[in-house]
Amino acid sequence: MTEKSVARDGASVAVRRRPTRPSAALAAFALALGTVLVGGPGGPAVGVVLAGQGAMAVGDELRSRGRRFLSLLALGVGGVVALLGVPAGAVMAGDLPGILRALPGLLGVFLLGVGLVPLRGRGSRRLVKLGAGLVLVGVLVAGIFRAVPAGTLVAGAAVAVVGWDIGEHAINVGEQLGRAASTWRTEGVHAVGAGVVGGGAVLTGELVDGVGSTGLSLPALALLVLAIVLLSVALHE
């Protein structure tokens with residue numbers, strides 16, 4: 001059930017248990033940033049994915065206002081545009097290494113949007129995790145090809161983890177309080193906290209980047225990034 005009636009001041013009010021928009025938007029931008037950092041020439045195609053998801057969000061809002069036809073139209077057009085951003089990135093990438101770097105992130109941002117702007121239900125934590133995981137795959141591929149500096153790899157991994165955390169928070173807050181409640185403060189505090197943790201990871205990456213001059217290879221650094229991610233997952237759980 002996505003709506004539930006609760007009593008407020010003696011009146012029954014329908015509460016929509018859907019992912020909250022501020023955190024959902026921040027999560028999408030975080031994963032998009034990670035894709036741009038490591039995706040190479042195909043990375044900027046994530047703008048097409050975001051544009052489509054913006055239309056999907058408009059359709060979701062129209063649905064809440066009972067504008068069924070316009071809602072379906074916006075959701076359909078937005079979904080198609082967002083999906084087209086994935087092959088557009090492959091075309092922009094130009095060669096196989098570029099495609100392998102860009103595609104995981106583009107597909108990850110698309111899946112995150114599907115998870116946070118669901119056609120039915122309260123959102124999908126599984127799709128949010130899968131989306132962030134694909135962005136991390138793009139980070140690891142970029143590391144294997146030694147396509148970006150080590151510090152950029154860590155920054156890409158950090159924003160992917162931050163996006164995942166904020167995306168799940170959007171679902172949690174939506175389930176507990178609904179969209180009608182004023183949740184800006186709690187969402188803002190959570191986002192700032194996640195950003196601080198991500199910033200610390202980026203700073204650590206810059207320090208490790210300096211250590212790389214003594215012989216730490218990028219594949220080894222990719223494994224280090226993976227270890228950081230697994231640690232973050234363990235802390236999150």
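Select L83 to begin; L83 is placed in helix α3, where helices (H or I, at least four residues) and strands (E, at least two) are DSSP runs numbered from the N terminus. L83 is partly exposed, with a relative accessible area of 45%; buried means under 20% relative accessible area, exposed over 50%, and partly exposed in between (1.4 Å probe, protein chains only).

The model on screen is predicted, so local features need pLDDT of at least 70 and side-chain atom pairs count only at pLDDT 80 or more, while totals for chains, interfaces and linings use all residues. Residues are numbered from 1 along each chain as its sequence is written, and side-chain values use heavy atoms, with hydrogens and water left out.

**The whole chain**

Show the entire protein as a cartoon. The protein has 8 helices and 2 strands, and their order along the sequence is β-β-α-α-α-α-α-α-α-α. Of the 237 residues in the protein, 44% are buried. The protein exposes about 11500 Å², of which carbon and sulfur atoms supply 69%; accessible areas come from the Shrake-Rupley method with a 1.4 Å probe, and for residues only the protein chains shown count as cover. Contact means heavy atoms within 4.5 Å. Among contacts between residues at least 6 apart in sequence, 74% join residues at least 24 apart.

**Helices α3 and α4**

Two packed helices are described by the angle between their axes and the distance between the axes. Select α3 together with helix α4 (residues 96-116): their axes come within 8 Å and cross at roughly 170°. Axes are lines fitted to C-alpha atoms, for helices over the stretch in contact, and angles run from 0 to 180 degrees between N-to-C directions. α3 and α4 are therefore roughly antiparallel to each other; angles under 35 degrees count as roughly parallel, over 145 as roughly antiparallel, 65 to 115 as roughly perpendicular and the rest as oblique. To display the contact, pick G79, A82, L83, G85, V86, G89, A90 and A93 of α3 with G98, I99, L103, L106, L107 and F110 of α4. The residues of this contact of α3 with α4 comprise 10 nonpolar, 4 polar and no charged. In these classes, Ala, Val, Leu, Ile, Met, Phe, Trp, Tyr, Cys and Pro count as nonpolar, Asp, Glu, Lys and Arg as charged, and the others, Gly among them, as polar.

**Helices α2 and α3**

α2 passes α3 in a left-handed crossing; a crossing is left-handed if the near helix is turned anticlockwise from the far one by less than a right angle, and right-handed if clockwise. On the α2 side, the residues in contact include V48, V49, G52 and M56, and on the α3 side they include L70, A74, L75 and V86. The contact of α2 with α3 divides into 11 nonpolar, 7 polar and 2 charged residues.

Within this pair, select L70, which lies in helix α3. L70 is partly exposed, with a relative accessible area of 35%. L70 and G59 are 11 residues apart in sequence, and 6.9 Å apart in space, C-alpha to C-alpha.

**Helices α4 and α5**

Move to α4 and α5, which pack at an angle of about 165° with their axes 7 Å apart. That makes α4 roughly antiparallel to α5. The contact includes L100, R101, P104 and L111 of α4, and L127, L130, L134 and V141 of α5. By class, the contact of α4 with α5 has 15 nonpolar, 5 polar and 1 charged residues.

**Two loop residues**

Select L119, in the loop between α4 and α5. L119 is exposed, with a relative accessible area of 58%. Not counting residues up to four places away in sequence, L119 touches R18, R63 and L75. The C-alpha atoms of L119 and L72, 47 residues apart along the chain, are separated by 9.6 Å.

Finish at V148, placed in the loop between α5 (125-144) and α6 (150-177). V148 is buried, with a relative accessible area of 9%. V148 and V38 are 110 residues apart along the chain, with their C-alpha atoms separated by 6.7 Å.
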